[in-house]
Amino acid sequence: MVFMNTTADSGPSKAHWLAKRMEEDIHLRGLRVGEPYLTTAQAGRQLGISKSMAYRAMKILVARQVLVSHPGRGTFVGPQTGGKPFGQMKCIHILLTHDLFQSSEQSTHGWLAGLAATLPGNSIRIDFLPPHDADTHVGQLLEQGLADGTLSAVILLGCPRAIQEQVLNRGAPALVLGTDYSSTRQLPSVDTDQFETGRLAAEYLLKRGYRRIALLMREMWFPGDQSMYDGVGEHWMKPVWATTR
């Protein structure tokens, strides 16, 4: 939304000028047909005008079907914006398991907010991998998204090798959030330094006189987990006992 105070006359010319600014805002924000738009109060505050003037400008857009007003529900983007229907908008799919989501729920909120701010105009969908036949599930998701053009990107969060390989072979835009595998190194990845995490943890315990350590890991063992295990072993003189929960 363009933030400014206007000094034009309060007649019809100003209402049409404001309507044009609102229409530009819809396109700048990448809003699609059927998505909710600002209320008259919100539009008035952001444009620095009265609520009544915002209403007049939005009424012009409603008449042109750039906006659609539903009493009691709000105002929504209309069919004359030239955009795709809301259900057909570009979508970023995040693939992960229920267990991993629950264990990282707090940290997930931060990067989801960053993702939404960096790629506005895309919907973000979390797709949990089913415990059985996950390959088929992901295959159908990729096939549909690539066929209708709605697939914007895939983010693989702790996905097993077979899922990473399928996404790579399909040629879908993808990012591995975590560690990739030797067969999927072509996929870009973002990972924390798991090796250094394990090394520093072991160093901390050694300095405090501990001589035994139990490393509790997830049931599914990923490359990053192995890196952490190796990092612990970098300092540890005795065998490290690792177990999964």
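Which residue in β6 is the bridge partner of V154? The partner is A174.

This is a predicted model, in which local features need pLDDT of at least 70, side-chain atom pairs count only at pLDDT 80 or more, and totals for chains, interfaces and linings use all residues. Residues are numbered from 1 along each chain as its sequence is written, and side-chain values use heavy atoms, with hydrogens and water left out.

**Overall content**

The protein chain holds nine helices and nine strands. Both are DSSP runs numbered from the N terminus: helices are H or I with at least four residues, strands are E with at least two. Of the 245 residues in the chain, 38% are buried, meaning under 20% relative accessible area with a 1.4 Å probe, protein chains only; exposed is over 50%, and partly exposed lies in between.

**Confidence**

The predictor's confidence in each residue is the pLDDT, from 0 to 100. Its mean over the protein chain is 79, and 81% of the residues reach 70 or more.

| Element | Residues | Mean pLDDT |
|---|---|---|
| Strand β9 (lowest) | 241-244 | 51 |
| Helix α7 (highest) | 161-170 | 93 |

Residues 1-11 have pLDDT below 50, and beyond near neighbours in sequence this stretch has 24 contacts in the model. A contact means heavy atoms within 4.5 Å.

**The sheet**

Strands of a sheet pair through backbone hydrogen bonds, either parallel or antiparallel. Here five strands form an open sheet in the order β4-β3-β5-β6-β7, with parallel pairing. β4 (123-128) and β7 (189-190) are the edge strands, each pairing on one side only. Two strands pair if DSSP finds at least two bridges between them; β5 (residues 151-157) and β6 (residues 174-177) have four. Helix α7 lies across β3 (91-96), β5 and β6, and runs at about 155° to β5. Such angles run from 0 to 180 degrees between N-to-C directions, with axes fitted to C-alpha atoms, for helices over the stretch in contact.

**The cores**

A nonpolar core is a set of buried Ala, Val, Leu, Ile, Met, Phe, Trp, Tyr and Cys residues joined through side-chain atoms within 4.5 Å. The largest has 20 residues, and M22, I26 and Y37 have the most contacts inside it. Elements giving two or more residues to this core are α1 (12-28), α2 (40-47) and α3 (51-63). α3 gives the most, with six residues. Apart from this core lies another, of 16 residues, including L156 and C159.

D25 is in helix α1. D25 counts as buried because its relative accessible area is 1%. Its side chain makes a polar contact of 2.9 Å with that of Y37. A polar contact is a pair of N or O atoms within 3.5 Å; within protein, one must be able to donate a hydrogen and the other to accept it, and residues adjacent in sequence count only if both atoms are side-chain atoms.
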